[in-house]
Amino acid sequence: MPTLMIQGCTSDAGKTTIVAALCRILLRRGIKVAPFKPQNMALNSAVTSDAGEIGRAQAMQAVAAGIAPHTDFNPVLLKPSSDCRAQIIIQGKSIGNLDAVDYHAYKQTAKKAVFESWGRLKEQYEWVIVEGAGSPAEINLRAGDIANMGFAEEADCPVWLVADIDRGGVFAHFIGTLACLSESEQARISGFIINRFRGDLSLLQGGIDWLEQKTGKPVIAVVPYLHGLDIAAEDAVPRTAGNGGDFKIVIATLPHISNHTDFDPLRRIAGVDCSYATPNQPLPAADLIVIPGSKNTRGDLAWLRQQGWDKQIEKHLRFGGKVIGICGGYQMLGQTIADPLGLEGEAGDSKGLGWLPIVTSLEQDKQLRNLSGQLIANGETVTGYEIHHGETQIIDSAATPLIKYANEHDGIITDQVLGCYLHGLFDSSAALTSLLAWAGHQFAEVVDHQQLLEQEIDRLSDALDQAIDWKKAKQADLNIS
């Protein structure tokens, strides 16, 4: 079945959102479509319908395509635990940690997984829309490439190249990228997309005409800048706070923060000032401090102490503030964290912050599961997923669990501190209302986050559908009615 690949001149050019929008456009036309990213490097991940792990961007693209997330949508996921080392997820399962040199040698094995997954998708779907990673012009990464042109060449699929005009230099991005490619790779690019354009399109037309004449390739679409588009970036921590207000939430920005999309619901609450703490600066005054997940829990805990944030959180608690920890943050709130196998770095034990009666040991087998349960305090439903190596034991029989599942409990809640493993804890409006009431904030207006995602995907897709010159798109290998 047909495959189209979207590559970008730079990271954050808009590949993720263009793929999502194309999936929704095809879905609206009654076409069975799947997203695909051969290799992804991200610390935001999701649990799939087949109990594996993929990048959250591909899970969002699956929503756009109207299908359940599956491990074949992202067969290779790299989750960095340091500047030179990452956990390698192959078709949803961890095969361990490798440094950059060892992973380069492993790429041929990873490549087999990529083409196995793509082959299955071709059999099941009418179209596969593929997202590249970073830029195809990264010369130092070309050998053994499976993320960009290396995949496109072997799959023999056309490529649309995206550039972000809001950054400036859009025509140089296109021409410079082409100059870094081989002749066959240049020929494979069948069109350009100019993304995030502001202003009068007539003022851009001269540049479009020049680019098409110089390259012989069409500009398929000029996509407008969509103000306030609320679709989470693939991995970047949000730069902006929430809606402003008197109730203040501060999220500790850890070096290896993972699944920070957990906190998007907090940023959308009217009357709440939700911000990410700035490294090397004191924590801002807050009503609630949140410690997020981490891909290197012991390392990030040591870093948190180096920042002096542990002392500031201790003072925050003395003055009646509240603290929430999710996944790695939950582990940090306990008494000890043991890593006997060196899964996240050097083997050893770390003393926790000591505010919850739990001890954690990192084990070889990784917990990957979607869950639904109830807050024990009031029965409100919570849904989400777990992704962690930690096995956590409660060492105080009098401790109050936070969540009840069918046959087990998760987390602990006290008067001032709560923690659990559930990613997605804040996605339910009713549960969010309850948890923020515990933290000291009462609010009436809540957001249905799934409905918001659908609305934003539709807004994005409407804009792209209107921007595409469908005659040029047909000539550039997207032949749909």
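This is a predicted model: local features need pLDDT of at least 70, side-chain atom pairs count only at pLDDT 80 or more; totals for chains, interfaces and linings use all residues.
Residues are numbered from 1 along each chain as its sequence is written, and side-chain values use heavy atoms, with hydrogens and water left out.

Me: Is Asn 195 buried or exposed?
Reply: Buried means under 20% relative accessible area, exposed over 50%, and partly exposed in between, with a 1.4 Å probe and protein chains only. Asn 195 has a relative accessible area of 6%, so this residue is buried.

Me: Which residue has its backbone oxygen 3.0 Å from a polar atom of the side chain of Asn 195?
Reply: Leaving aside neighbours within four places in sequence, the residues in contact with Asn 195 (heavy atoms within 4.5 Å) include Gly 14, Val 162 and Val 223. The backbone oxygen that lies 3.0 Å from a polar atom of this side chain belongs to Ala 13.

Me: How many salt bridges are there between domain 1 and domain 2?
Reply: An automatic or database domain assignment gives the bounds, with domain 1 covering 3–230 + 455–476 and domain 2 covering 247–447. A salt bridge is a side-chain nitrogen of Lys or Arg within 4 Å of a carboxyl oxygen of Asp or Glu, and Glu 53 forms one with Lys 366, their closest N and O atoms being 2.9 Å apart. Between domain 1 and domain 2 the count is 2 salt bridges.

Conventions
A polar contact is a pair of N or O atoms within 3.5 Å; within protein, one must be able to donate a hydrogen and the other to accept it, and residues adjacent in sequence count only if both atoms are side-chain atoms.
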